[in-house]
Amino acid sequence: MRIFVVVMTILVFCGAFAYVSHSAMIRYGDPPYTEMDDYFIRNGQEQTGANNIVTSVVFDYRGFDTLGEASVLFTAVLGVGITLRKGSEWGGKEI
Amino acid sequence: MSKIVRSAADLLYPFILTFGFYIVVHGHLTAGGGFQGGAVIATGIALMFGANRYKVISQQIRGKMLRTCEAVGLIMFIIIGLCALIDGKSFLYNWLANADWLFGHPVTYGSNTGDLYTAGIIPILNIAIGIEVLGGLSLIILYMLSGVSEE
């Protein structure tokens, strides 16, 4: 009985969320107009000098975000290094 | 691993490194960039780790070198970003674009095949991120392999 209630609750919630998100979904092949896209396409090459607009967004307009991504990778490697250091429970040889 | 696997890995290794370096350097012209190219180079290093014995390969590709790579990449990124502050611009401003030295050729507008020597700080940042990613991903593999016991 308890299992049945839990399953029914999850199903009802999932159905409600699916219905709401379906009604708010953008139609395929019909993107909404945004000023930002047009700005990047029109001025990206001129302002950054890069032919690849994706790179000019990632490394120039959103450069700070890329710095954050690099720091995330650095922190992840730091965590692995601390967990698997020599002498810890799972650690191996000195590298 | 057997001799066949080791020979195949030795044969593929320089090509994988060259391809990864190509993706890093051409990040501002074609698809790809620092993260993707660094991951490709790290794949080549992972291939060498997998094909050879740990004792042999850890003498050639050292953990200290990879650790230095990772730190140098991140520090290079931050220093290039800070260089824009000298000129009175904001952090990570593209102060080298169209400046006529280091990666400063004027870009031709419209769709074209592109000039490698354009885009200011973007290629330098790509190289910095590539160095960092190749060091970081290989270091994770090296840390995990160091705990595996060999027969």
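From the N terminus on, the elements of chain B run α-α-α-α-α. Please bear in mind that this is a predicted model. The chain comprises five helices and zero strands. Taken along the principal axes, its C-alpha atoms fill a box of roughly 60 × 30 × 20 Å. Of the 151 residues in chain B, 36% are buried.

I turn next to one pair of helices. The axes of H2(B) and H5(B) come within 7 Å and cross at roughly 30°, and the crossing is right-handed.

Which residues have the most contacts inside the largest nonpolar core? They are B:Leu125, B:Ile129, B:Val133 and B:Leu134, in a core of 37 residues. Both chains supply it: at least two residues each come from helices H3 (53-61) and H4 (63-83) of chain A, and from H1 (3-25), H2 (34-51), H4 (63-86) and H5 (121-146) of chain B. H5(B) gives the most, with 14 residues.

Let me close with a single residue. Leaving aside residues up to four places away in sequence, B:Ile129 touches A:Ala70 in chain A, together with B:Gly34, B:Phe35, B:Gly38, B:Gly73 and B:Phe77 in chain B.

Methods
Residues numbered from 1 in each chain as written. Chains lettered and ligands numbered in written order. Predicted model: local features only at pLDDT ≥ 70, side-chain atom pairs only at ≥ 80, totals over all residues. Core = buried A, V, L, I, M, F, W, Y, C linked by C-beta atoms within 7 Å. Buried ≥ 20, exposed ≤ 12 C-beta atoms within 10 Å, placed from the backbone. Helix = DSSP H or I, 4+ residues; strand = E, 2+ residues; numbered from the N terminus. Contact = placed C-beta atoms within 7 Å. Axes fitted to C-alpha atoms, helices over the stretch in contact; angles between N-to-C directions. Left-handed = near helix turned anticlockwise from the far one by under 90°.
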